Amino acid sequence: MDDFAFTSRVHQMAPVEPTEDSRVLAIGDVSLWRRSGTQQIQTREILLSDLVQLTAVTLAEFNPDLVLSPIVTARFDCLDVAHRLSELGFSGRYRALARDLPDPSLIRAEILRDCPGLNFEILNICELHARAN
């Protein structure tokens, strides 16, 4: 999934594993989002951020219940996001969105090995879409 497709669907995906008053931090390409002419999603419940903007301050101020990102973009992949989250001490839920990977368990195993405190899963966007309809 390209980064634009991801950011265009963040609002639809926000209910993934919902909790009451959950807050979703979506990591993507904010400049691509702005260039597309689409309004940036930023509400009390959803914040779109570039990976470089992901700081301890961002995590502390927004306090996300869930972090979402595409599995891979032109600028980063889910391993980069997982490392950053671990470096910042985030131990909450991080979910990477992908389409029908041949063996997502390999990626998951690598991330859990490198970032053992992270609650990480790969979500198949096709399955999520089918469940929503």
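Residues are numbered from 1 along each chain as its sequence is written, and side-chain values use heavy atoms, with hydrogens and water left out. Because the model is predicted, local features need pLDDT of at least 70 and side-chain atom pairs count only at pLDDT 80 or more, while totals for chains, interfaces and linings use all residues.

**Exercise 1. Identify the buried residues of helix H4, and explain where they lie around its axis.**

Step 1. Helix H4 spans residues 78-87, and its buried residues are Cys78, Leu79, Val81, Ala82 and Leu85. These residues cover an arc of only 160° around the axis, which puts them on the same side of H4; the arc is that of the directions from the helix axis to the C-beta atoms.

Step 2. At the start of H4, a side-chain oxygen of Asp77 comes to within 2.9 Å of the backbone nitrogen of Leu79, and just after H4, Gly89 takes a positive phi of about 85°.

**Exercise 2. Characterise the packing of H4 and H5, and follow Asp114 across it.**

Step 1. H4 and H5 pack at an angle of about 20°, with their axes 10 Å apart. That makes H4 roughly parallel to H5. The axes are lines fitted to C-alpha atoms, for helices over the stretch in contact, and angles run from 0 to 180 degrees between N-to-C directions; angles under 35 degrees count as roughly parallel.

Step 2. In this pair, Cys78, Leu79, Ala82 and His83 of H4 meet Ile107, Glu110, Ile111 and Asp114 of H5.

Step 3. Asp114, in helix H5, counts as partly exposed at 34% relative accessibility. Not counting residues up to four places away in sequence, Asp114 touches Leu79 and His83, and its side chain makes a polar contact with the side chain of His83 at 3.1 Å. A polar contact is a pair of N or O atoms within 3.5 Å; within protein, one must be able to donate a hydrogen and the other to accept it, and residues adjacent in sequence count only if both atoms are side-chain atoms.

Step 4. The C-alpha atoms of Asp114 and Ser86, 28 residues apart along the chain, are separated by 8.9 Å.

**Exercise 3. Determine which side chain joins that of Asn124 in a polar contact, and describe the setting of both residues.**

Step 1. Asn124 is found in strand E5 and is buried, with a relative accessible area of 15%.

Step 2. A polar contact of 2.7 Å joins the side chains of Asn124 and Asp100, and the side chain of Asn124 also reaches the backbone nitrogen of Cys126 at 2.8 Å. Leaving aside neighbours within four places in sequence, Asn124 is in contact with Ala98, Arg99 and Asp100.

Step 3. Asp100 lies in the loop between E4 and H5, counts as exposed at 54% relative accessibility, and has a phi near 30°, a positive value in a residue other than glycine.

**Exercise 4. Describe Asn63 and Asp65 in the loop between H3 and E3.**

Step 1. Asn63 is found in this loop, with a phi near 50°, which is positive although the residue is not glycine; at 52% relative accessibility, Asn63 counts as exposed.

Step 2. Asp65, in the loop between H3 and E3, is partly exposed, with a relative accessible area of 30%, and its side chain reaches the backbone nitrogen of Arg23 at 2.7 Å.

Methods:
Buried < 20%, exposed > 50% of the residue type's maximum accessible area, 1.4 Å probe, protein only. Helix = DSSP H or I, 4+ residues; strand = E, 2+ residues; numbered from the N terminus. Parallel < 35°, antiparallel > 145°, perpendicular 65-115°, else oblique. Contact = heavy atoms within 4.5 Å.
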